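Subject: Structure handover

Hello,

Here is the structure I said I would pass on. Please open it next to this message; my notes come after it.

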Amino acid sequence: MKIAITHQNVDFDGLASLLGARKLWPDCEIVLSSAVSSPVKRYLALHRDWLRPKRLAELQGDVKQVVMVDSRARQRFSEFSQLLEGAEELIVFDHHPPGPDDIEADREILEPVGACATLFCERIEALELELDAEEATLLMLGIYADTGNLTFPSTTVRDLRAAAFLRQSGASLPVVNRYLQQEYSPQQQQLLVAMLSDMEILERDGLRIGCVWKTTQDYVKGAALVVERMMQMMGLDACFAVLQQEGRDVVALIGRSETRHVDVAAIAEKWGGGGHPSAAAARIKTGRVEEVFADLRELLCAMNLAPLEVRDVMTSPVQCVPHDMKLDELQRSLGKWGIRGVPVTREGELAGIVSRRDVDEAIRRGDWEIPAAGFMTHQVVTVKPQYSLSEALEMMTEQDIGRLPVVDDGKVVGIISRSDLLQRIYEGDGEEEGLLD
C-alpha cells in the first residue's frame, strides 16, 4: 500500500499537496492526521466525499511506500512515527528550509518555492495530467494560502506560473476566496483587542516590528490568524506573539513577517520551531510566557537586519549645476546628460533643485537670461546615505517628488530618483534588495 501524509494541524497547502501526490500516484491513499486546521475542516465538510481522505486507524494492510508532503520535521509527524519506521520507501516533497529535526528520506524533492503545491502542479503539467475544476481549485487554495494570495516575499515566479496553469485548468477563484476569508471567533476577537492594546513596536533600521505577550483563560484556536490581522492593521513589517494558557506549561510563539530582513522561521528555530521565512511558530513545552517574551525581545533588538540603504543605490558622483547657470546652458546640459532633474549648488552646498518641468516653464516664459537660482525649487527634501530604501520610498510617496538629493555634512554626495527605486522594485520583485519590505 502507498499512502500520502502531511503534518499535523493540516493546512490548505498540505491538503493540496496530498491531492498532488495522488495525481502523480493514482493508487496512493490520502491519510490525514487527527488535527486539522479550522479552514480545512470547513472545506472537508463539503468536499470529503470527493477527496476521500482516511484516518490512520482506517488503514488496512501493510504500508510499503509513504509520500510525505509540505514538511519533513519529525515533531510534526509524531502521530505517524510507527508507520514511518515500518515503511520500505519514503518520498518527501517539501519547500521549507532544512531543520535539525528533519526526517531523512529515500527520495527528496526539496525546492525553495512559495508553496509545496507548486511542486506538484509543475509535475502534473509536465506529465500532461488532466485536472478537473475541484482539483485545480484545491491546488490553487494551497498556493494562495501559503503565499498570501501571491504577495508574500517568499512567492516565486514558479508559484505564479503554477497559479496560471491552475486557472487555465478551471480553478474557481470565488471558491478560493470563500475558504480563504477569515471568520473570527469571539475568542479570536478578544485576543486581537487585548494584544493591540499591549503591542510594543520596535523601530529597527527603518522597519517596524511588533511584539506582544499574553496569557489567555482558554485555548484560542486560530491565534496565528489574529497575529496576521494585527500585523496588517498596524502596518508592521513583522509581528510576534507569545501566548500561554492559564494553568498550562506550554508557551506558543507565533511569528509573521512581510520583510526578507526578518526571517521568522530562523527565529522560531531557536525555540525548536520552524516554518517559512514569512510565517513560523514554536511550542515551548516548559516555560513562562514572560521569560520567552523577554528572550524574544532581546533577540529582536540585537538582530542584524541590514536593509539596503540609499548609499547602495544612489547615483554618485552626481551632476550638479551652479546657481548662476543660465537657462539655455542648463537646457543643453540636461539634454546631454539625459536626466530630468539636477541639484543646484552654491559654494559647494545644496541650494535647490531644478527639474525638467521647471526648465520647460521657464522656456515658455522666455526667461533665457535668468539663472538657475531664479526658477529652482528652494525647499528641497533630502535624504542621508544611511537611510533605508523603504524610508526613501516613503518620503517620495508622501511628498510626491521624483528625486531626492543625498546630502552628507551639507554636501551633495549623490541622488536617488523614482526610476532608481522602480528599477529596484521590478528587478526580482525586490526579493534580493528588500525594497518592498
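Predicted model: local features only at pLDDT ≥ 70, side-chain atom pairs only at ≥ 80, totals over all residues.

The six-stranded sheet

Start with the open sheet of six strands. Its order is β3-β2-β1-β4-β5-β6, and the pairing is parallel. The edges are β3 (54-55) and β6 (107-110). Each has a single partner strand, so one side of each lacks a neighbour in the sheet. Strands β1 (residues 2-6) and β2 (residues 28-32) are paired in the parallel sense, with four bridges.

Strand β8 (residues 207-216) pairs with β9 in the parallel sense over eight bridges. T215 has Q244 of β9 as its bridge partner. Between β8 and β9 the chain runs through helix α9 (residues 223-234), and this β-α-β crossover is right-handed. Strand β9 (residues 238-245) is mostly covered, with seven of its eight residues buried. With strand β10 (residues 251-257), β9 pairs in the antiparallel sense over seven bridges. Here C239 has R256 in β10 as its bridge partner. The β9 and β10 hairpin has five residues between the strands. In that hairpin, G247 takes a positive phi near 85°.

The cores

The largest nonpolar core has 48 residues. Those with the most contacts inside it are L15, Y43, F93, L138, L139 and L166. A second, separate core has 25 residues, including I209, C211, F240 and A282. Take F93 as a way into the first. Setting aside neighbours within four places in sequence, F93 contacts residues that include L24, W25, V67, V69, I109, C116, L119 and F120. Its contacts also include D70, S71 and R123.

C116 is buried, because its relative accessibility is 0%. C239 is in no disulfide either, with the sulfur of C211 the nearest from a cysteine, at 8.2 Å. C239 also counts as buried, because its relative accessibility is 0%.

Best wishes

How values were computed
Residues numbered from 1 in each chain as written. Heavy atoms only, no water. Core = buried A, V, L, I, M, F, W, Y, C linked by side-chain atoms within 4.5 Å. Buried < 20%, exposed > 50% of the residue type's maximum accessible area, 1.4 Å probe, protein only. Contact = heavy atoms within 4.5 Å. Pairing = 2+ DSSP bridges. Helix = DSSP H or I, 4+ residues; strand = E, 2+ residues; numbered from the N terminus. Disulfide = S-S within 2.5 Å. Right-handed = clockwise from strand over helix to strand, strands pointing away.
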